Amino acid sequence: GTPSEALLPFTDSDWPMFERIRARYGDRLDVFYPDDTTRFVQGYSHEKERDIETFKRIDEFLKRGYESHADEWDFRTLLDTPMAGNEEEDSLKTWPVFMYGYDNEGHPVMYDEIGNCNPADLDACFEGQIRKLRTVRFRILRRLHNNKRIQTMRYSYDGSVNDKGGFNAITKHVIVMDMHNFYAKCLTKKYRNLIQMVIGDESNLWPNTLEKMYIVNAPWPFRFAWKILANFVHPITVKKIDILGSDYISTMQQKIPLDQIPPKYGGKGKWPIKLGYVADVDN
């Protein structure tokens, strides 16, 4: 199928927003990929104070990942060298995340197993080491977004605006979040704040990139808690989230072909899972 981003037309108010961004940032935007600017234009189009919110997030993106500041990151070189010791490997054993397969529109699928994490293990790995956690997450997301650019080339898209007014590129992804070993303790304030920090980082720095989220193997305590948690998630995002039980595969395969789903999740995929990496891309 055609990716949703290619069918989402730019509006009359989007084009002036591009110009205001260029006027404000000039050659500071040279470090961006073309889809970076597009994400910020469309990602905050619904905001009442659109310019304020858009500029705030671009400022954060530049500061966090491109312009030299103490204790920040350079996304351009983030993957050039491995993390010290076994920090990334150990972090991924504690909080497993991996990319595997594609949906029927070519969007990469990321599996996040935070719902299975033992709070004691999270404490042992990350307490007092938030920078390590952020570095691991940013490295994973860099690989994910690089994979989208590979997918864009695989589909022979060129990043141009098509005749429907949409963007010829793959810029979104699907998330599968597994809750089969869910710990109720993860709903206490400490862990809610940790997860909200990570999600907040990622949604602010990479807006308008979620195509769909499946929360699978969701037990009743989580379903009950979701009724409360959903109030703190943007309504646009809530509409993209399906809360599913152990019979999730029938819903997931409507969007993700079985040969693109790992056997661990009931699919027929042939690649091995590589924690932190994309299954079908040589790293």
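Predicted model: local features only at pLDDT ≥ 70, side-chain atom pairs only at ≥ 80, totals over all residues.
Me: How do α5 and α6 run relative to each other, roughly parallel or roughly antiparallel?
Reply: Helix α5 spans residues 87–94 and helix α6 spans residues 119–126; their axes lie 9 Å apart and pack at an angle of about 165°. Angles over 145 degrees count as roughly antiparallel. The orientation of α5 to α6 is therefore roughly antiparallel.

Me: What is the make-up by class of the contact of α5 with α6?
Reply: α5 passes α6 in a left-handed crossing. From α5, Asp90, Ser91 and Thr94 take part, and they meet Asp121, Leu122, Cys125 and Phe126 in α6. By class, the contact has three nonpolar, two polar and two charged residues.

Me: Are α7 and α8 roughly parallel or oblique to each other?
Reply: The axes of α7 and α8 come within 11 Å and cross at roughly 40°. Angles under 35 degrees would count as roughly parallel. The crossing of α7 past α8 is right-handed. The two helices, α7 and α8, are therefore oblique.

Me: How many charged residues does the contact of α7 with α8 have?
Reply: α7 passes α8 in a right-handed crossing. On the α7 side the contact is made by Ile130, Leu133, Arg134, Arg137, Phe138 and Leu141, and on the α8 side by Leu194, Met197, Val198, Asp201, Glu202 and Leu205. By class there are eight nonpolar residues and no polar ones, and the number of charged residues is four.

Me: What span does helix α8 reach from its first C-alpha to its last?
Reply: Helix α8 covers residues 189–205, which is 17 residues. At 1.5 Å a residue, 24 Å is expected, and the span in the model is close to that value. From first C-alpha to last, α8 reaches 24 Å.

Me: Which elements are included in what covers the buried residues of α8?
Reply: The buried residues of α8 are Tyr191, Leu194, Val198, Asp201, Glu202, Asn204 and Leu205. What covers them includes α3 (34–43), α4 (50–65), α6 and α7 (130–154).

Me: Does Asp201 count as buried or exposed?
Reply: Asp201 is found in helix α8. Leaving aside neighbours within four places in sequence, Asp201 is in contact with Arg64, Arg134 and Phe138. Its relative accessibility is 7%, and because buried means under 20%, Asp201 counts as buried.

Me: Which residues is Trp15 in contact with, leaving aside its neighbours within four places in sequence?
Reply: Trp15 is found in helix α2, residues 14–25. At 40% relative accessibility, Trp15 counts as partly exposed. The C-alpha atoms of Trp15 and Val41 are separated by 8.6 Å, although the two residues are 26 apart along the chain. With those sequence neighbours set aside, the contacts of Trp15 are Phe10 and Val161.

Me: What is the phi of Ser156, and where does this residue lie?
Reply: Most residues other than glycine have a negative phi. Ser156 lies in the loop between α7 and β3 (173–178), and is exposed, with a relative accessible area of 65%. Although Ser156 is not a glycine, its phi is positive, at about 60°.

Me: Is Asn217 buried or exposed?
Reply: Asn217 lies in the loop between β4 (210–216) and α9 (220–229). Its phi is near 55°, a positive value in a residue other than glycine. The relative accessible area of Asn217 is 19%, and because buried means under 20%, Asn217 is buried.

Technical notes. Residues numbered from 1 in each chain as written. Heavy atoms only, no water. Helix = DSSP H or I, 4+ residues; strand = E, 2+ residues; numbered from the N terminus. Buried < 20%, exposed > 50% of the residue type's maximum accessible area, 1.4 Å probe, protein only. Contact = heavy atoms within 4.5 Å. Axes fitted to C-alpha atoms, helices over the stretch in contact; angles between N-to-C directions. Parallel < 35°, antiparallel > 145°, perpendicular 65-115°, else oblique. Left-handed = near helix turned anticlockwise from the far one by under 90°. Nonpolar A, V, L, I, M, F, W, Y, C, P; charged D, E, K, R; others polar. Expected span 1.5 Å × (residues − 1).
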